[in-house]
Amino acid sequence: MHPMDTSTAQRRTRPLTYSREELLELAKNKHGLRHRVPAELQRRYRGCKAGAKVQARRTENRRRHKPSLPSVIMGNVNSLTNKIDELAALGNQRIYRECSLFILTETWLTATIPDANVDLRGFTAVRADRDTKACGKSKGGGLIIYTNNRWCNPGHVSVKAVLCCPNLELLAVSMRPYYLPREFSHVIALCVYIAPTANGATACEKIHSVAARLQTKHPEALLIISGDFNHVTLDSTLAALHQVIDCPTRNNRTIDLLYTNVKEAYRVIALPPLGKSDHNLVYVQPQYTPLVQRQAASTRSLRRWTPAAEEALKDCFNITDWDVLLGEHEEDIDGMTDRLTDYLNFCVDVVVPTKTVQCYPNNKPWVTQEVKDVLNKKKRAFRNKDREEMKEAQREVKRCLKEAKNIYRKKVEKKLADNNMRDVWEGVRTITGHKAKTSTEGGGVERANDLNQFFNRFSQPTPLQSSAPHLSSPAPLHPSPPSPAAELPSTPPPSNQPPTTTFPNPASPPPSSTSPPSADLPPPTLPPSTTPIPLLSPSPHPPCIPLLSPSPHPPCFTADQVRGELRKLRPRKAAGPDRVCPRLLKTCAAELGEPLQRVFNLSLELGKVPTLWKTSCIIPVPKKNRPSELNDFRPVALTSHLMKTLERLFLNLLRPQVQHAEDSLQFAYRDKVGVEDAIIYLLHRVHSHLDKGSGTARILFLDFSSAFNTIQPLVLQDKLLQMRVDPFLVAWISSYLTDRPQFVRMKDTTSDTVVSSIGAPQGTVLSPILFTLYTSDFCYNYEMCHIQKFADDTAIVGCIRDDQEEEYRCLVRDFVAWCHNNGLQLNTSKTKELVIDFGRDRPRPRPVQIGTEEVEGVQTYKYLGLWLDNRLDWTSNTRQLYKKTQSRMYFLRRLRSFNICRKLLWMFYQSVVASVLSYAVVCWGGSATKADLSRLEKLIRRAGSVVGMKLEPLATVAERRTIDKLRSIMDNVRHPLHTVIHSQRSLISQRLRLPKFRTNRLGNSFIPRAIRLFNSSLGGRRANRRTGTFL
């Protein structure tokens, strides 16, 4: 309160007096009660602090007419002339008055109706009346787009296309509003009307043609397609666009649609119809956040790696006495590692200078200081209201931007000529905006701790079924050899023979699949003699490992091997928790080879991994756009580059010792075998079975819960010893998996450190092969059933005939029991079953159960990137490919608008567009329908018009890759299909005999089609009769 003088205080203490009449009047007027307060007692109005309310009101008024994206009111009006008065009256409402665009269909306007009859105050109208001659209809139709003059200058509105035909009416308008986020150049709005009797395919094709032409010419424009579509949608034709309307527009149907090329940019509000129109109006309100507001400016500290600094580091390490530095610790591997790491970081801090830069998310390399000065000049001219200077500044801005872009383009093309591909692709990504999703979750310390505990949840001890906690007398290993489908046994072996399902781990006794399943046998049960084994928990010492045949000399690495691995490091990768950057290791590989060899060999000799090197910084990467729970994050481990170098050297020692124990149907992490081979093998088994008729194929796609994080080190240790792996390597692996410190980093927040002794960190070198070895002891491969794997993607395939599915169900139960015994957890909610049956009126088979839960049956499933359906016609897969390829075409158009050279356009097409379009084409290229292939070929032709050259058709790519894949299988004797192909060799020529088939499904599958293409190729390959190989 402000101080008051004495007289004012005295006046304020005087009581207020009322007469009887005044009190009665106040009693009657309760709601409008007002006291007669003397003027000297009234509180003086002091105003707002610095005019905060007035300023906020002005800011809000500016925001109303400066939306991030244009707001739209759309609908079918069924004659506009008799509703224009109502529409004008609605201008008093804020939604209608401040809306950016009105997009209306079926105006029923003709050339005899002047523009003045449909004008709206404050709006510019662009109309396209129905052409009765071109359309063949005399009444109805007509389109109109109103543009708010407070959002866009009427002089910046132009018509791009007008189309009227029996199947479609279209109006395309381009607008350059006063404000638009920097990521968009302008707005293109398409108003569309498709009659109920129109040919939907023809109408969609014409819309796609117009939209593709406009997007090619203006790749950075915001595209809006709105109108009355009736029975047609653009979901398959323009799959890259996003449909916004989610409310009924006519009765209970949604036939008025709006598509845009920005995802989640709008929200919808239903409005009442105009007059007696049978279509509701829809208000589409923007909720898009501009890029500059989504990503704040950040400050980064960078090291300036100059040639002088690199030479100084080399000199520093050359004169270092490593015996004095490291000899003090002798066999203290942790102390030696800490000292070496501190010394490397100290040298870098002293020699290599740092600089601090501020990064803005919307800055482009071609927005130079000259361009910024011209933009400021234009702003000053606008404030001075000098129209001539404003026009001159606008021309200068256009000229400067064109010159800056040309300079940047020439830099990128020069790097291409110099074969500097890394910088070339960096420039291409900058131009197109094509970047990988690397966003990480943000949050506080509590959120980071919750994620860290969740990722480490499997370290809690749970019982495991095992007959012996440690390996005492190893049993002989019987890995199952690869057996092709053509030579598989028709029935499982008798119980007195070695089974195909192998369980070499004594901690996991073989379940009932070791004996043949039959209809007379009861469901398999686990042996009652099993005893639980506790899982590992954090302990100060690694577990004791029983050595089978202790070797006096552990394997070791040479200095040249260490230098070779150091030179392969990528210098721009982020440093691990030890802060040792890979550029230092690669630059000084020659100088650091010997000291690192000393530390690596000591680690291998002691069977112990330094704690610092196995410390993991966990980066939670979202699995989907809007994660809602802890399980929606994937824990990617960031470890030391010194540790990764040691892992690569260790992998070269481990792989030759475990080749004999690998599962022949494990298609991941193997040389010359990959995704295509896994899908080809699965389809070949299914097609071969269904070709015989009266059969059913059941495919169970199993999903693990955090597969890599559930590896049990004790169980893996026993399995490796069973495989006769060197005990020194087994001891090192046990140390590698136990007592691993880990913490979660979320942007600028770091969690507390916890110790994990279960699982292998994702993103490391050894994790994939350790998981494949962990699961290699369960394999099953017979004529009627088999189990195949691709890392943790496991599929059980059952070929059922005459409803004899006992073997299939028994295999599923055995695998579930094996997972329980080995500590692997199945996610039943994500496990799906696909049933393929071409029989008529055949009842759906009884669903499979995992525990007490039934597995959901699906009609389509995405397996290893390909969509499989229960008809095996690839329609779902080609639809997804079409949608994904269309979204990649946007980046190609943006690159073309930069006038980049044709060679770089072709390279970008092959790497970004064609890689998606022809993904695993050898699996589906021969079986897809002509209509689906024709749609994909049209995309290739459109891409060719953007690139400026004729591109290779999809059919040619599929044929070439099919022949290459067939030759690769023939050359790889360990491939599961090698024997199948080898059995088709002709004894009198170089050709391959075509296998017999009854249906076109099998005839168009990979093996028959590949054999036909191989035989028709020029010359073939000469066969060596003595060795049986192809030359």
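Two strands pair if DSSP finds at least two bridges between them. Strands (E, at least two residues) and helices (H or I, at least four) are DSSP runs, numbered from the N terminus. The model is predicted: local features need pLDDT of at least 70, side-chain atom pairs count only at pLDDT 80 or more, and totals for chains, interfaces and linings use all residues. Residues are numbered from 1 along each chain as its sequence is written, and side-chain values use heavy atoms, leaving out hydrogens and water.

**Exercise 1.** Find the order of the six strands in the open sheet.

*Solution.* Step one: trace the order S5-S6-S7-S8-S10-S9, with mixed pairing. Step two: look at the edges, where S5 (157-165) and S9 (242-243) each have a single partner strand, so one side of each is left without a neighbour in the sheet. Step three: zoom in on S6 (residues 168-175) and S7 (residues 187-193), which run antiparallel and are joined by seven bridges. Here Leu170 faces Val192 in S7.

**Exercise 2.** Describe residues 904-925.

*Solution.* Start with the record: an unreviewed UniProt entry annotates residues 904-925 as "transmembrane region"; such annotations may be inferred rather than shown by experiment. Then turn to the model: the span is 82% helix and 0% strand, and its end C-alpha atoms lie 27 Å apart.

**Exercise 3.** Summarise the chain's secondary structure and contacts.

*Solution.* First, count 32 helices and 30 strands. Next, take contacts (heavy atoms within 4.5 Å): among those between residues at least 6 apart in sequence, 74% join residues at least 24 apart.
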